[in-house]
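Here is a friendly briefing to read alongside the sequence and the 3D view.

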Amino acid sequence: MKKTIFVTGATSGFGKAIAALFAQKGFDVIVSGRRRERLDALKQELEHQYAVKVTALCFDVRDKAAVEQAIHELKKQVSHIDVLVNNAGLAAGLATIDEGNTDNWDRMIDTNIKGLLYVTRQIAPMMREQCSGHIINIGSTAGKLAYRNGNVYCATKFAVDALSQSMRIDLLPYGIKVTAINPGMAETEFSLVRFDGDEERAAKMYEGVNALKAEDIADAVYYCASLPPHVCINDLTLTCLTQANGFYAIKEAERVRRD
Ligand code: NDP
Ligand code: 8X3
């Protein structure tokens with residue numbers, strides 16, 4: 001039977017690269033996000049390139065009723081999901097705790113924590129019935145070590161870490177794998193969103209660091225999802241060569257070279 005993956009936040013960045021890689025590997029793909037045109041374009045592109053079925057679901061992960069409705073409809077067409085990648089997420093702003101924008105805090109908490117929970121709550125029972133499946137949560141190096149001005153974003157990713165650990169325990173009896181993948185800085189639309197569309201400021205984040213690319217994260221997700229049935233990577237942290245952790249990074253020019 002053909003395998004099926006569900007990727008949230010597939011209109012851009014990691015999610016889009018993950019959807020493309022799994023389609024290339026022969027998976028049917030369910031993609032979600034809020035930008036309908038991008039979802040439709042991705043569906044068209046992947047179905048044209050590969051012999052796979054792509055289902056596009058347009059919803060906001062913060063809207064509990066919309067999540068429930070979209071997945072209720074999905075279940076009428078799809079009876080088996082092998083992999084769920086909880087990827088939809090964002091950072092909004094970068095400010096100290098005494099000056100942070102509380103609307104930004106709500107957006108991050110509602111998307112990165114509650115959105116992940118709403119989607120998982122709908123898909124986990126399917127996997128429980130199947131007695132198989134793999135939930136891959138996209139955390140961050142920001143969920144391993146807090147950094148200056150990161151406060152609420154870091155807290156949401158620490159929550160992803162905690163939820164990944166806890167859901168692994170809850171789902172263990174049903175043979176469901178749970179993996180947290182924690183990337184360091186990667187060049188996607190992430191910083192553009194964080195800095196509210198300020199392209200110059202976003203580009204500065206990646207200047208001279210040779211940051212991870214969305215395809216690097218897709219490779220890591222595929223690696224975790226294609227291991228033998230008895231093997232589960234619980235937690236995987238990856239950074240580019242110039243980053244040690246969420247706090248400490250250098251520029252490419254600072255690397256000692258012998259050539
Ligand atoms: P992008 O901004 O490129 O992609 C984010 C995706 O999330 C988009 O497809 C967006 O779709 C979706 N999304 C955001 N908010 C919502 C929402 N409310 N409802 C539904 N979908 C939503 O960023 P990345 O690909 O870099 O980020 C993906 C994940 O990786 C995030 O969880 C992020 O925190 C995490 N991460 C990113 C790192 C980086 O440096 N880039 C490093 C570590 C982790 P749409 O706007 O169409 O709804
Ligand atoms: C995204 C990476 O360093 O901006 O989670 O927090 S960072």
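Where does Asn87 lie? Asn87 sits in the loop between strand E4 (83-86) and helix H4 (102-130). Please bear in mind that this is a predicted model.

**Overall picture**

- The protein has eight helices and seven strands.
- Its radius of gyration is 18 Å, close to the 18 Å that the globule rule gives for 259 residues, so the protein is as compact as a globular protein of that length.
- Taken along the principal axes, the box filled by the C-alpha atoms is roughly 50 × 45 × 40 Å.
- Of the 259 residues in the protein, 49% are buried.
- Among contacts with a separation of 6 or more, 72% are between residues 24 or more positions apart.

**Helices H1 and H8**

- Two packed helices are described by the angle between their axes and the distance between the axes.
- For helix H1 (residues 13-24) and helix H8 (residues 214-225), the packing angle is about 50° and the axes are 8 Å apart.
- The crossing of H1 and H8 is right-handed.
- On the H1 side, the contact uses Gly13, Phe14, Ala17, Ile18, Leu21 and Phe22, while H8 brings Ala214, Glu215, Ile217, Ala218, Asp219, Val221, Tyr222 and Ala225.
- By class, the residues of this contact of H1 with H8 are eleven nonpolar, one polar and two charged.

**Helices H4 and H5**

- H4 and helix H5 (residues 151-171) have axes that come within 8 Å and cross at roughly 15°.
- H4 and H5 are therefore roughly parallel to each other, as angles under 35 degrees count as such.
- H4 passes H5 in a right-handed crossing.
- From H4, the residues in contact are Trp105, Met108, Ile109, Asn112, Ile113, Leu116, Leu117 and Thr120, and they meet Asn151, Val152, Tyr153, Thr156, Lys157, Ala159, Val160, Leu163 and Met167 in H5.
- The contact of H4 with H5 has twelve nonpolar, four polar and one charged residues.

**Helices H3 and H4**

- H4 also packs with helix H3 (residues 64-77), and here the axes come within 9 Å and cross at roughly 25°.
- H3 and H4 are therefore roughly parallel to each other.
- Their crossing is right-handed.
- H3 contributes Lys64, Val67, Glu68, Ile71 and Lys75 to the contact, and H4 contributes Tyr118, Val119, Gln122, Ile123 and Met126.
- The contact of H3 with H4 divides into six nonpolar, one polar and three charged residues.

- Is Asn87 buried or exposed? Asn87 is buried, with a relative accessible area of 10%, which is under the 20% cut-off.
- Leaving aside neighbours within four places in sequence, Asn87 is in contact with Thr8, Gly9, Phe14, Gly15 and Ile138. Phe14 is also one of the H1 residues that meet H8.
- Asn149 is found in the loop between strand E5 (133-138) and H5. Its phi is near 70°, a positive value in a residue other than glycine.
- Asn149 is partly exposed, with a relative accessible area of 22%.
- Asn210 lies in the loop between helix H7 (199-205) and H8. Although Asn210 is not a glycine, it has a positive phi of about 50°.

Technical notes
Residues numbered from 1 in each chain as written. Chains lettered and ligands numbered in written order. Predicted model: local features only at pLDDT ≥ 70, side-chain atom pairs only at ≥ 80, totals over all residues. Heavy atoms only, no water. Axes fitted to C-alpha atoms, helices over the stretch in contact; angles between N-to-C directions. Helix = DSSP H or I, 4+ residues; strand = E, 2+ residues; numbered from the N terminus. Left-handed = near helix turned anticlockwise from the far one by under 90°. Contact = heavy atoms within 4.5 Å. Nonpolar A, V, L, I, M, F, W, Y, C, P; charged D, E, K, R; others polar. Rg over C-alpha atoms; globule rule 2.2 N^0.38 Å. Buried < 20%, exposed > 50% of the residue type's maximum accessible area, 1.4 Å probe, protein only. Parallel < 35°, antiparallel > 145°, perpendicular 65-115°, else oblique.
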